[in-house]
Amino acid sequence: MKHPTSGKMNAPLNFREEMRARVIDAIAQTMDLYGVNYSYGQLYGIMFFEDRPMTLEEMQQKMNMSKSNMSYAVRSLIGSRMVTKLEEKDARKDLYLAEVDFFKAFQAFFATKLQREIDVMCSALDVAIPMLSEMILDKDTSEEERRLCLEDLHKLKHAASYYEWLQQFVHRMEEHDFFEVSEGGASKEVPSGEGDSKQGASR
C-alpha cells in the first residue's frame, strides 16, 4: 500500500472499513498514475464512499490533513471535475460532493486532462508552424536550414492533425453520452451514428 505524501487516513475499525480502505488505496494509486497527488486520490475515495456532501472540517477529520493542504486538495479535485462545490451550505460551511458515477468521473477527469494537453501543445504549434513556414519561404534561408525546417514542419503539421482529432474526441466526451450500459452491467462504447442506424433498421 502506497503511503500518502501528506495526511494519513484513520485506521479502519472493522472489516467493512478495511475493505473500503483497500479500495480507496487502489483509487488513489490509479489517480496517482495520471498525475493526481496520492493523498488527493485518497480524499476522493473517502468522499466516494461517504456519498453525501462533506465540509472541509469533516474531510480533515477523515484524512488528518492540515487545513491548507485540504483546501488545495479539494481545489485540485474540483479542477479535475471529480468533486463539485455545492451552492447550499451547512451552518454557513461550504459543502462538497464527489462524482460517484465512475463513467461520468472518467469522462470529466480525462476530458479535463486532455484539454490541458491540447491547449499547451496547440499554443506552441500555433507559433512554431507559421514561423517555420516563413523561414522556408525566406530567400535568405540556406538550403540546409530550409531542408531541416521542412522536416520539422512536416512533423509539426502531423502533430497538429493529431490534436485536431483529439479536440474532437474531447468534445464528444463532454457533449455526448460516451458509454452505453448494457443489461448485464457491462459498458460499451457507442460509435457516432450507430444509434441512428439501428433505429432506421428497425423501422
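Predicted model: local features only at pLDDT ≥ 70, side-chain atom pairs only at ≥ 80, totals over all residues.
Most residues other than glycine have a negative phi. Arg81, by contrast, has a positive phi, near 60 degrees, and is not a glycine.

The side chain of Arg81 takes part in a salt bridge with Glu174, with an N to O distance of 3.4 Å.

Salt bridges elsewhere in the model come next. The structure contains 10 salt bridges. One of them pairs Lys62 with Glu50, whose closest N and O atoms are 3.1 Å apart. Here too, distant parts of the chain are linked: Lys62 lies in helix 3 (residues 56–63) and Glu50 in helix 2 (residues 38–50), with 12 residues separating them. The relative accessible area of Lys62 is 34%, so this residue counts as partly exposed. Lys62 and Glu50 also belong to a salt-bridge network that includes Arg52 and Glu58. Another salt bridge is formed by Lys89 and Asp94, and there the closest N and O atoms are 2.1 Å apart. Asp94 is partly exposed, as its relative accessibility is 22%.

Strand 1 pairs with strand 2 (residues 93–98) in the antiparallel sense, and 5 bridges connect the two. Within this pairing, Lys85 faces Tyr96 of strand 2 across the strands. The two strands form a hairpin with 2 residues between them, and in this hairpin Ala91 adopts a positive phi near 55 degrees.

Asn64, which is not a glycine, has a phi of about 55 degrees. This residue is located in the loop between helix 3 and helix 4. With a relative accessibility of 48%, Asn64 falls in the partly exposed class.

How do the helices pack? Two packed helices are described by the angle between their axes and the distance between the axes. For helix 5 (residues 102–137) and helix 6, the angle is about 155 degrees and the axes are 8 Å apart. Since angles over 145 degrees count as roughly antiparallel, helix 5 and helix 6 are therefore roughly antiparallel to each other. The crossing of helix 5 past helix 6 is left-handed. Sorted by class, the residues in this contact comprise 24 nonpolar, 4 polar and 6 charged ones.

Ile136 gives a closer look at helix 5, where this residue is placed. Its relative accessible area is 12%, which means that Ile136 is buried, the limit being under 20%. Ile136 and Leu148 are 12 residues apart along the chain, and their C-alpha atoms are separated by 9.3 Å.

How values were computed:
Residues numbered from 1 in each chain as written. Heavy atoms only, no water. Salt bridge = Lys/Arg side-chain N within 4 Å of Asp/Glu carboxyl O. Helix = DSSP H or I, 4+ residues; strand = E, 2+ residues; numbered from the N terminus. Buried < 20%, exposed > 50% of the residue type's maximum accessible area, 1.4 Å probe, protein only. Pairing = 2+ DSSP bridges. Axes fitted to C-alpha atoms, helices over the stretch in contact; angles between N-to-C directions. Parallel < 35°, antiparallel > 145°, perpendicular 65-115°, else oblique. Left-handed = near helix turned anticlockwise from the far one by under 90°. Nonpolar A, V, L, I, M, F, W, Y, C, P; charged D, E, K, R; others polar.
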